[in-house]
Amino acid sequence: MKKEIPLIAWIRDHWTQPIVKQWPFMVAYIVLIGWESVLQNPVPRWMIIFFQAWLAATVIELLPWRIVKWLSYALVYMLFITELVLNRHFGMFLSPTILTLLVETNSQESSEFLTALFRQPGFGTTLAYIALLMVGNIALEVAHGSWCKVHGSWLKMKSLWGKGLAALLLVSGLVFSIVSYAELFGCEEMNDVDEWRSHRRNPNDVVTQLMVAIYDTHLSSREMQRAIEQVHHIEVSPQPMAKSSQPINIIFVIGESYIKEHASLYGYPLQTTPFMDAEQQAGRLFAFTDAVSPYNQTTKVIRNLISCNSMGDDEHWASKPPLTAVFKKNGFHVSMYDNQKSTGNQLLTELFDFSLATYLYSPEMAEACYDDTNEETFNMDGELIDAYRETMEEDGASPRFLIFHLMGQHVDFASRYPWENYRRFSADSITFRKEDWLDKEMRQEIADYANATLYNDAVIREITQLYADESTVVLYLSDHGEEVFDYRPRSGRDDFSFGSDARQGVRYQYCIPFVVWCSEKYKQEHPDIIRRLQQSVNRPLMIDNTYNMLFHLAGLHTPYYRANRDVLSDSYHCPPRMLNDDYRY
């Protein structure tokens, strides 16, 4: 006679035991892990979350050590608190973006994030809500334990009706789970996962969100490898670079969290960009008025900004080589000075090779893309420029392509500028804002953002002076914006679903500054480009196609250049500008 497997026998004879003995835990699991999910679509999701809770309770029953139960509770509360804080205070959920941020965030940024979190309006209410749930949960456990001691003989589900309902929920939950998760793990690309997530029949509880995020990172890892492979097949330009009296310098500056409307260059009441204002008046700086970023998260932006793809033409960032490799392959000396360069845990970097750091700095990518990079990061962006200045070559024979990736106005605005020279604005300076809900602390945060913007302007000035006597062009843009109590009592960024406040969300989180500065020698040698810059500043653009403009400014003839996506070209046509993949701007 075939011996029965003990686990199967236990489930057959005791399948109701987890429900009866661990119902406080199951209630906690359903409420903490799945409540938001079941509210969105209660029929299949109720059954799936009930099945999940039963599985977790079954583990506790099969491993009857008290530590197992408390570890299970700890894990449930950790996931719940993470999701609650992300959703309530940042408009986000567990996703590959969050995993990426966790890996790419160093200790300083983590500290700044926690500081910003504690200053979020309503965070005290969030803590009180969590404490109330914990107290209620403990009360249920105590009451249930006392009841069990008195009524131990009732620890069986004897009601036929109760057993039937429980069996129906469990079997239905099992079937729905198999179907949904089979579809999820059958997805071949991240876009397929997004499609799976959009169907309300599929679960959206916190555990599922974590599973989706991990699987998404696996798919992203494959895309990353595909991107790295592109550098081995770069086509060399069929024509030489346009001739100039001396090697040209192209400097590409990527800012961070810069709201266009907080620049006096674009009409802000405080004078936050005195250098750029003056250079525009002198005819050396050209400010584009209708530039948007495709995302409000650095990793997604940089991938599409560095790659020679066009999102409006449905081209994936991993399907094209990075512009740095194209410049280097065509004779430019390429430098990358990144003040957000990851210096975190190597093990985490290996585990999460989907991160931005891998795309920019894996050994294969670094060898193909750069001649030199910075070895350390700095508290202030000006120190990064000083570090480059110490190593720069004065009369290089090769044309230069230099990227500065700044910390800009990221997160903790008061830490983004030297107080001794740039604390020009205070809460009392924000007199032009009349909203009743603006308190002094909010006004001070707006003032700190203005001071950080003023310092950023000074950093841009230092960058333009590096090769001001040579034929040099500097292109500055920001990866995305950042709300600073601009239209509601909120600071930071949302993972936008673009609801009723889409216009305002786009205005402050996606509309960015985009400027080009030219040295006098560059202006003299390239009058046609200067004319094109003057004529193009009001054209609409999305920054994923910036590489075409950089190739044009450099006079670089390459198969990757497309005139119809170059904002300076007579044949330019702006493709659809999709923000966050689902909102047409």
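Mentor: In this predicted model, Ser307 belongs to the loop that runs between helix H13 (298–306) and helix H14 (323–329). Ser307 has a relative accessible area of 0% and therefore counts as buried, the limit for that class being under 20%. Beyond the residues up to four places away in sequence, Ser307 touches Trp317, Lys320, Pro321, Pro322, Tyr359, Asp544 and Tyr547. Gln230 is 77 residues from Ser307 along the chain, and the C-alpha atoms of the two are separated by 10.0 Å.

Thr126 is part of helix H8 (residues 123–150), and its relative accessibility of 0% is why Thr126 is classed as buried. With neighbours within four places in sequence set aside, the contacts of Thr126 are Leu84, Arg88 and His89.

The largest nonpolar core has 68 residues, of which Phe288, Phe327, Phe401, Leu533 and Met549 touch the most other members. Helix H24 (residues 546–554) supplies the largest share of this core, with 6 residues. Another core, of 52 residues, lies apart from that one and includes Val253, Met276, Phe425 and Tyr476. In soluble globular proteins, nonpolar side chains tend to be buried together.

Trp23, Val27, Val31, Trp35, Leu39, Trp46 and Leu140 make a nonpolar surface patch of about 590 Å². Helix H3 (residues 23–40) gives the largest share of this patch, 5 residues. Val27 is located in helix H3; its relative accessibility is 37%, so Val27 counts as partly exposed.

For the protein as a whole, 55% of the 585 residues count as buried, and the fold comprises 24 helices and 13 strands. Among contacts with a separation of 6 or more, 78% are between residues 24 or more positions apart. The protein exposes about 26,600 Å², and carbon and sulfur atoms supply 57% of that area.

Technical notes. Residues are numbered from 1 along each chain as its sequence is written. This is a predicted model: local features need pLDDT of at least 70, side-chain atom pairs count only at pLDDT 80 or more; totals for chains, interfaces and linings use all residues. Side-chain values use heavy atoms; hydrogens and water are left out. Helices (H or I, at least four residues) and strands (E, at least two) are DSSP runs, numbered from the N terminus. Buried means under 20% relative accessible area, exposed over 50%, partly exposed in between (1.4 Å probe, protein chains only). Contact means heavy atoms within 4.5 Å. Patches are made of residues with over 30% relative accessible area and no salt bridge: like charges are joined within 9 Å, nonpolar side chains (Val, Leu, Ile, Met, Phe, Trp, Tyr) within 5 Å. Accessible areas come from the Shrake-Rupley method with a 1.4 Å probe; for residues, only the protein chains shown count as cover. A salt bridge is a side-chain nitrogen of Lys or Arg within 4 Å of a carboxyl oxygen of Asp or Glu. A nonpolar core is a set of buried Ala, Val, Leu, Ile, Met, Phe, Trp, Tyr and Cys residues joined through side-chain atoms within 4.5 Å.
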